[in-house]
Structure formats: structure tokens, C-alpha cells
Amino acid sequence: MIKKIGALIMAAALALSLFAACGEKESQYVIAPKTTIEVDGQSIQVPYVFKIGEYEVSLDEYRYYFMKLYESMSGGDYTVWQDPSNLEALKLYTEDYIKEDYALRLLADEYGVELSQDSIDGINASFEEQREEYRDTSGGDSVLKGIMRSNYFTDEVLYEQNVIQSLMYALYNDLYGAEGHYALGSEELATYAAENYVRARHILVTVSDFTDEAEVAEKRALIESILEEINAGADFEELLAQYDEDPGQAANPQGYYFTYGEMVEPFETAAFALEEGGVSGIVETSYGFHIIHRLPLEESYIASFTTQPHRYNEFLELIRLKKEEISIEYADNFEAITLDALVNYYKD
């Protein structure tokens with residue numbers, strides 16, 4: 001998406017590599033952490049890149065996000081980074097992604113959420129199993145090292161990414177689970193579900209090309225005739241079985257469940273505007289023409305709100321607000337970290 005996770009997780013990251021106990025030789029790492037960077041032939045010490053609160057963002061962690069965005073934002077044309085404005089945007093995006101992870105950590109600190117030792121052990125054990133598999137079947141650590149480098153991981157960065165995932169689940173459950181800080185009672189759950197979720201079936205008549213006036217006219221005439229039948233008392237489900245062209249409905253016979261932002265806007269607006277049991281007029285979207293039937297939410301679905309992440313949008317908003325509070329304290333050598341130095345991070 002943590003006991004004062006600062007103490008627990010950062011200590012774990014520093015004291016335990018993903019594969020090696022504290023005090024073992026560096027060779028126990030697949031890829032050891034780096035605190036230096038080569039710039040114009042000189043080795044510069046970078047113990048950390050910047051601070052977020054009490055957290056120090058390592059050089060390896062910064063490079064992981066930077067290079068992931070460097071690849072994805074370039075679209076395969078790396079000359080775009082010759083433009084200083086593009087490079088500055090890349091740095092800002094990198095900071096934004098890192099701030100999001102640390103917003104999660106800071107929220108965990110606030111709510112006193114901690115990863116259990118079992119979770120930490122599980123993260124370590126899972127990767128150790130992968131390491132053993134590569135050692136036994138695919139050429140050992142050298143192959144694994146190549147895969148990790150191609151994804152910009154060191155042992156500790158990969159460990160921290162797994163921690164963030166586990167932390168997200170733990171924090172969400174602590175906030176919105178059945179016993180969470182913001183857990184809802186049965187009546188509150190029903191109200192929340194009714195205000196934020198829709199269950200609907202629809203009849204879709206697809207339009208493959210809206211610039212083809214003849215096709216649009218033909219399909220519009222068809223959907224209008226279907227609506228006339230519904231208004232005359234015909235059974236919606238029988239007409240759906242006869243005319244619907246949405247292949248996804250076969251896998252969702254109980255209807256689609258969705259909340260805000262999950263459907264195309266005209267469909268969403270029309271569905272939420274209906275009373276339960278209501279049938280819409282003709283709704284046009286990029287897929288074609290729809291007639292929507294809003295159905296009541298099933299009790300089993302409402303009950304599932306205590307165990308499933310239906311309030312994930314709330315969770316993301318909480319993280320976003322925390323991220324806005326974050327200020328960054330840059331290390332003295334931050335400006336010395338160049339694009340070339342990050343791209344050519346490893347010499348071997």
C-alpha cells in the first residue's frame with residue numbers, strides 16, 4: 001500500500017540483509033548496499049540522499065525509483081533526458097513516489113502499527129527460497145544478480161519493497177478491518193455501502209464506429225425499441241438474454257458491483273442516479289448504448305466490507321493527505337548525484 005516502524009523496520013533493513021544476518025561478510029549479499037557514487041571519476045560518499053522526518057532514504061532506494069521512472073517515462077527514447085526540464089520532472093516524480101511510500105510509514109508510526117516478526121521472517125524466507133532455486137537450477141547468484149540489477153534492486157531495496165507491501169496490508173486492516181480504528185457497525189456499513197456502491201445489470205448494444213452514421217442510427221433504433229419493451233412491462237432479464245452484447249456479464253450473473261471511478265463516467269452517473277430497482281433511459285458511452293437496471297446490494301456483499309478492501313479509496317486519500325505534509329531535507333551531496341552516475345551505477 002510497524003511498532004513505530006522506524007525502529008523495527010529500519011533496524012531490520014540495516015541489521016539484516018535479505019539473506020544475511022548482521023555481521024556476516026559482504027559476500028553473503030547478492031547485491032550489497034552502496035553509499036558511494038562515481039561522479040566525473042571521483043568517488044563521492046552519499047550515506048543518504050535525503051531525509052523524510054527521521055527516515056533516511058538510501059542511495060540505492062533513490063536510484064531504484066529514479067531508474068524505474070527513467071525507463072518508463074522515456075518511452076525508449078533516452079535522448080529526452082538531455083532536456084533539463086525533463087530531467088527536473090524526472091527528479092520530482094522520483095521524490096513523489098518515495099514520499100508516497102514514506103507517507104505510509106509515517107501513518108503506521110502514528111497509529112502504532114507494526115509488522116509481526118512472523119511477517120518479517122516470511123519476507124526473508126520467501127526470498128531465500130528464490131535464491132536457493134536459482135542456485136540449484138539456473139546458475140546460482142550470478143543469474144539472480146543479473147535479474148535484480150535489471151530491475152534496479154539491491155538486497156535491501158527488494159527487502160524494503162516487500163516490507164512496504166506487507167505494511168500496507170497491516171495498516172489497512174488496522175484502520176478499516178473489523179476491529180479497526182475506522183471500523184463501521186452493521187448499520188453504518190449498510191449506509192456506507194448504499195452511498196458508495198452500486199449493483200447493476202445492463203443491456204449493452206455495442207457501437208463499433210461512432211463515425212459511421214448508419215451504424216449509430218441502426219443501433220440507436222434497436223436500443224430504443226428495447227427500452228419501449230421494458231416500459232411496456234417486458235422482463236428486463238429476458239431482454240438482456242436476448243440482446244445484450246457485454247461478454248463480461250456472463251461471469252457476473254449477480255450483477256456488477258462498483259464504486260465511484262470504476263466505470264466510464266456516463267454509466268457511473270446514470271447508475272448512481274437510479275433508485276434500487278430502477279431502470280435508466282438510454283445511456284451512451286464509448287462502448288455503445290446501455291439500459292441500466294440498478295439492483296439492491298446483497299447482504300453478503302455488505303458483510304464482506306469487514307474483510308475486503310472496499311474502503312481502499314479512503315485509505316489512499318489518507319496516504320495522499322499525509323504525503324502533502326511531508327517535507328524533504330536534502331543531503332549535502334544531493335546535487336552531486338547526476339544522471340550519468342545513476343545510469344552507470346555499477347562498473348562490472
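Strand β3 (residues 50-52) pairs with β4 through three bridges, and the two run antiparallel. Strands here are DSSP runs of E with at least two residues, helices are runs of H or I with at least four, and both are numbered from the N terminus. Two strands count as paired if DSSP finds at least two bridges between them. The model is a predicted one, in which local features need pLDDT of at least 70 and side-chain atom pairs count only at pLDDT 80 or more, while totals for chains, interfaces and linings use all residues. Residues are numbered from 1 along each chain as its sequence is written, and side-chain values use heavy atoms, with hydrogens and water left out.

Within the pair, F50 has V57 of β4 opposite. The open sheet has three strands in the order β4-β3-β9, with antiparallel pairing. Its edge strands are β4 (55-57) and β9 (329-330), each of which pairs on one side only. Across β3, β4 and β9 lies helix α3 (residues 84-111), running at about 155° to β4. Such angles run from 0 to 180 degrees between N-to-C directions, and axes are lines fitted to C-alpha atoms, for helices over the stretch in contact.

Strands β1 (residues 36-39) and β2 (residues 42-45) are antiparallel and share four bridges. E38 has S43 in β2 as its bridge partner. Two residues lie between the strands of this hairpin, where D40 takes a positive phi near 55°.

The next strand to visit is β5. Nine of the ten residues of β5 (residues 197-206) are buried, so the strand is largely enclosed by the rest of the structure. Buried means under 20% relative accessible area, exposed means over 50%, and partly exposed is in between (1.4 Å probe, protein chains only). β5 runs antiparallel to β6 (residues 256-259), to which four bridges join it; A200 has Y256 of β6 as its bridge partner. β5 also pairs in the antiparallel sense with β8 (residues 288-295), over eight bridges, and here L204 stands opposite H290.

Among the helices, α6 (residues 155-176) packs against α12 (residues 312-325) at an angle of about 110°, with the axes 11 Å apart. The two are therefore roughly perpendicular to each other, a label given to angles of 65 to 115 degrees, whereas under 35 is roughly parallel, over 145 roughly antiparallel and the rest oblique. M168, L171, Y172, L175 and Y176 of α6 meet Y312, E314, F315 and L318 of α12. These residues divide into eight nonpolar, no polar and one charged.

Beyond its neighbours within four places in sequence, F315 is in contact (heavy atoms within 4.5 Å) with L104, M168, L171, Y172, L175 and Y176.

Finally, N151 sits in the loop between α5 (141-150) and α6. With 27% relative accessibility, N151 counts as partly exposed. Setting aside residues up to four places away in sequence, N151 touches Y64 and K68.

Key: Ala, Val, Leu, Ile, Met, Phe, Trp, Tyr, Cys and Pro count as nonpolar, Asp, Glu, Lys and Arg as charged, and the others, Gly among them, as polar.
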